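Me: I would like to go through the labels used for this model and set each against its cut-off. Please give the criterion with each answer.

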Amino acid sequence: MKIAILGFGTVGSGVYEIAKTLKNIEVKKVLEKDLSKINIATDSYDEIINDKEIELIVECVGGLHPAYEFIIKAIQNKKSVVSANKAVIAKYLDEFLKTAKENNVEFRFEASVGGGIPCLASIQKIRRVENIDKFYGIFNGTSNFILDNMYRLENEFFTSLKTAQKLGYAEADPSADIDGYDVTNKVIISFALAYDGFIKNEFPCFTMKNITKEDILYFKKQGFVAKYIGEATTKGNEYEASVMLNLFPINALEANVLSNYNIVTVQSHTMGEVKFYGQGAGKLPTANSIIQDILDIQTKISFNPISIEKKYTYSSNLFKHKYVIRSNEKLKGNFERIDRDGNNFYHYTKEITQADLLKLVEEKDYLVVKLSEY
């Protein structure tokens, strides 16, 4: 199979490296502004689109535009597409799948969630047998590195963030990772395969940048480790989802996921809890997932046909959970208990709905943490 790669950055070059080791994949063109990077580079997308030998395009440019235009044009020209671009997939997945079906080609995106961890394929495998009760996990390696650094080295948030940036785990603008946009996109994509429906980012997403060293030390004394978690579940045609800090007991698996690693849990009736652990990003792990998608398309392997026709409505009153709200003043409300630690007040709620939680915090700059039930 002859393919083209759009973009020759970290992931694109990783796909090229692995493809070179395989006899049944040939990279014919690479879309790249800097033509000196590789001898098969071109700066003309039309040259790739009009090449009838190229059957599949790997999109590695990232972001929404021109990635969206590249993907749609490729599909319309009857070329299958593989992408790891969670931002564009989370926004346009319904359109990509519909257009691919109309043109009798494939659109695959395993690497968009979990990097090198085959969690989406596993969700599809579980889903073809039974309904999925819920999924949750550490979907973002940057946020996990920061929290792990704060916990083990007792550093402040921004000290840990700077370390992550120096090591290449965090971008110069880290907002996608620390404000939850990246995890939100991954929840939307995972939801599509778990529940056959395409949701929007209308569920709560709490930033993690409000957590301080004092919070980490306080929770450590209580026997908890904070992790940044994305999760979703359904009840009938309604769903609940969130992206927020969770507190796990120190002996929980999630509490012991170190550095930039990810762990995703899928729960169903006959399987119970199944956990997928590994590197959630990185050049070669992500490229490996892309290559797996290419090989699946080439050999016509499909774990479960993707259908996202089911309609779901977000409900903030579906389930009840316990939360901890930290502020520098005592809040009014019916709390189970309130701890004071230094200048901080930690308010432990009773079991309340997301709607109740949002009323309590009212978009103020409090730290909001869920007491994990897992």
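Me: What makes helix H5 count as mostly covered?

Reply: Eight of the nine residues of H5 (119-127) are buried. Buried means under 20% relative accessible area, exposed over 50%, and partly exposed in between, with a 1.4 Å probe and protein chains only. The buried residues are Cys-119, Leu-120, Ala-121, Ser-122, Ile-123, Gln-124, Ile-126 and Arg-127. Helices (H or I, at least four residues) and strands (E, at least two) are DSSP runs numbered from the N terminus.

This is a predicted model, in which local features need pLDDT of at least 70 and side-chain atom pairs count only at pLDDT 80 or more, while totals for chains, interfaces and linings use all residues. Residues are numbered from 1 along each chain as its sequence is written, and side-chain values use heavy atoms, with hydrogens and water left out.

Me: Which elements do the buried residues of H5 pack against?

Reply: They pack against strand E7 (132-138), helix H9 (181-195), strand E10 (261-268) and strand E11 (272-279). Contact here means heavy atoms within 4.5 Å.

Me: Why is the pair Lys-73 and Asp-46 called a salt bridge?

Reply: The term requires a side-chain nitrogen of Lys or Arg within 4 Å of a carboxyl oxygen of Asp or Glu. For Lys-73 and Asp-46 the N to O distance is 2.8 Å, so the pair qualifies. It links distant parts of the chain, with Lys-73 in helix H3 (residues 67-76) and Asp-46 in helix H2 (residues 45-49), 27 residues apart. Lys-73 has a relative accessible area of 33% and is therefore partly exposed; Asp-46, at 38%, is partly exposed too.

Me: How many salt bridges does this rule give?

Reply: The count comes to 23.

Me: What does the salt bridge between Lys-220 and Glu-154 tie together?

Reply: The side chains meet at 3.3 Å, N to O. Lys-220 lies in helix H10 (residues 213-221) and Glu-154 in the loop between helix H6 (141-153) and helix H7 (157-166), so the bridge joins parts 66 residues apart in sequence. Lys-220 is partly exposed at 28%, and Glu-154 is partly exposed at 37%. Lys-220 also lies over the face of Tyr-151, 4.4 Å from the ring centre. That label needs NZ of Lys or CZ of Arg within 6 Å of the ring centre and within 35 degrees of the ring normal.

Me: What makes Phe-219 and Tyr-346 a pair that links distant parts of the chain?

Reply: Phe-219 and Tyr-346 form an edge-to-face pair, 5.6 Å centre to centre with 70° between the planes. Phe-219 is in helix H10 and Tyr-346 in strand E15 (residues 344-348), 127 residues apart. Phe-219 is buried at 1%, and Tyr-346 is buried at 0%.

Key. Rings of Phe, Tyr and Trp (its six-membered ring) pair if their centres lie within 6.5 Å; planes under 30 degrees apart count as stacked, over 60 as edge-to-face and the rest as tilted.
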